[in-house]
Amino acid sequence: MSGRDLFCQPRRNRRGAALTLVFAAVLIAGAATGSFPEPDGPAPKSAAGPADAAGRHEAVERAAAEAMADGKSPTEAAERAVSRSGDRWAAVYSEGEYEEFQDALDGRYTGVGLWARQEADGRIAVTRVQPGSPAADAGIRPGDRLRSVDGSTVDGRPVTEVVALLRGDAADAPAGTTVTLGLQRGTRVWTETLHRARLSTDSVTVRRLPGGVTVLKIAAFTKGSADAVRERLRTTPADGGTVLDLRGNSGGLVTEAVDTASAFLDGGLVATYDVDGVQRALHAAPGGDTGRPLVVLVDGGTMSAAELLTGALQDRGRAVVIGSRTFGKGSVQMPTKLPDGSVAELTVGHYRTPSGHTVDGRGITPDLEAGGRALERARTVLTGLGDPS
């Protein structure tokens with residue numbers, strides 16, 4: 001699984017991975033920040049009903065209110081209530097943390113500008129360095145090994161925890177604070193002390209490969225990413241085909257994922273989902289480019305909103321999916337604001353692909369398995385898709 005310091009929240013209690021994963025559906029489930037559209041009218045309820053989710057929200061609110069009345073921390077009380085709920089995707093954020101999360105959805109974050117992944121041997125490797133970032137200014141390059149953060153060894157640790165170390169706690173790691181990285185490049189071992197900075201990120205990048213293949217890399221579904229995809233499609237020829245690279249995409253705003261699906265589909269179903277037992281559907285807008293040969297690349301770091309898009313394009317027969325099984329985050333979180341301004345996110349439902357496949361806990365199986373040569377495999381497949389014979 002891959003990640004970066006854009007999407008990880010500070011370390012507190014059990015939330016080391018929560019923001020990275022919860023970002024995946026938005027908050028990451030889409031509904032969390034109102035990114036799921038409201039239905040035009042009432043929808044039927046499933047047999048499950050809303051009682052369980054509503055009860056969990058009420059229990060968390062009650063715990064926070066009682067703690068505040070007793071002069072204790074509402075946030076800590078809410079965290080304990082969330083822990084007891086057994087909801088593995090639930091999380092509690094302070095008011096400041098939630099604001100930072102909203103900034104991340106807008107493509108802004110505080111960090112050093114590193115992307116990283118965990119290698120098969122447990123080591124953490126730098127996969128990308130944002131131009132103009134503190135990491136770039138220090139000369140850190142893709143392929144460098146990250147050995148430690150502030151003296152804490154990172155080998156074998158989940159990428160989400162490493163990213164949390166890079167970002168630090170929200171209360172004491174604003175822009176300008178320092179973080180010391182232990183690095184290795186070949187036989188050279190050294191340390192760099194970087195100052196965190198307020199950064200913005202381009203979530204959509206494009207490059208052309210020999211033979212005319214266009215690679216569109218979507219790092220996350222932040223605000224405006226669908227428009228960026230459309231703009232890049234308008235300026236690139238379709239003859240050689242397009243690779244939509246969703247590897248390491250931990251999700252984002254579901255509305256952006258649906259709008260991206262609309263760029264490749266002519267209307268129709270993108271996904272169904274339920275919120276507290278109420279069944280709803282997400283549809284693509286008409287008029288997308290349905291003739292451009294398309295391959296989607298995925299891996300174990302492809303999560304939530306990215307899985308939603310992948311499932312839609314695969315089930316609708318619009319794209320060939322290549323890579324490895326995706327992460328399997330298909331749940332919907334909704335926010336509850338607590339008395340002290342903190343926010344609790346609890347799972348209220350799940351989404352399914354157009355064919356009715358459940359993603360949560362299962363992921364999406366690619367049409368073609370491929371490891372490190374996924375892009376080469378994609379180019380071969382596009383050659384066949386573009387052959388009129």
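Reader: Which residue in β15 is the bridge partner of Tyr273?

Author: This is a predicted model, in which local features need pLDDT of at least 70, side-chain atom pairs count only at pLDDT 80 or more, and totals for chains, interfaces and linings use all residues. Residues are numbered from 1 along each chain as its sequence is written, and side-chain values use heavy atoms, without hydrogens and water. Helices (H or I, at least four residues) and strands (E, at least two) are DSSP runs numbered from the N terminus, and two strands pair if DSSP finds at least two bridges between them. Strand β14 (residues 269-275) is joined to β15 (residues 278-283) by six bridges in an antiparallel arrangement, and the β15 partner of Tyr273 is Arg280.

Reader: Which residue in β19 stands opposite Tyr273?

Author: Strand β14 also runs antiparallel to β19 (residues 343-352), with two bridges joining them. In β19, the residue opposite Tyr273 is Tyr351.

Reader: How many residues of helix α9 are buried?

Author: Buried means under 20% relative accessible area, exposed over 50%, and partly exposed in between (1.4 Å probe, protein chains only). Among the buried residues of α9 are Glu307, Leu308 and Gln314. Helix α9 (residues 305-315) is mostly covered, and of its 11 residues the number buried is 10.

Reader: Why does the span of helix α3 agree with expectation?

Author: The expected span of a helix is 1.5 Å times one less than its number of residues. Helix α3 (residues 74-85) has 12 residues and should therefore span 16 Å. The span agrees because the end C-alpha atoms of α3 are apart by 16 Å.
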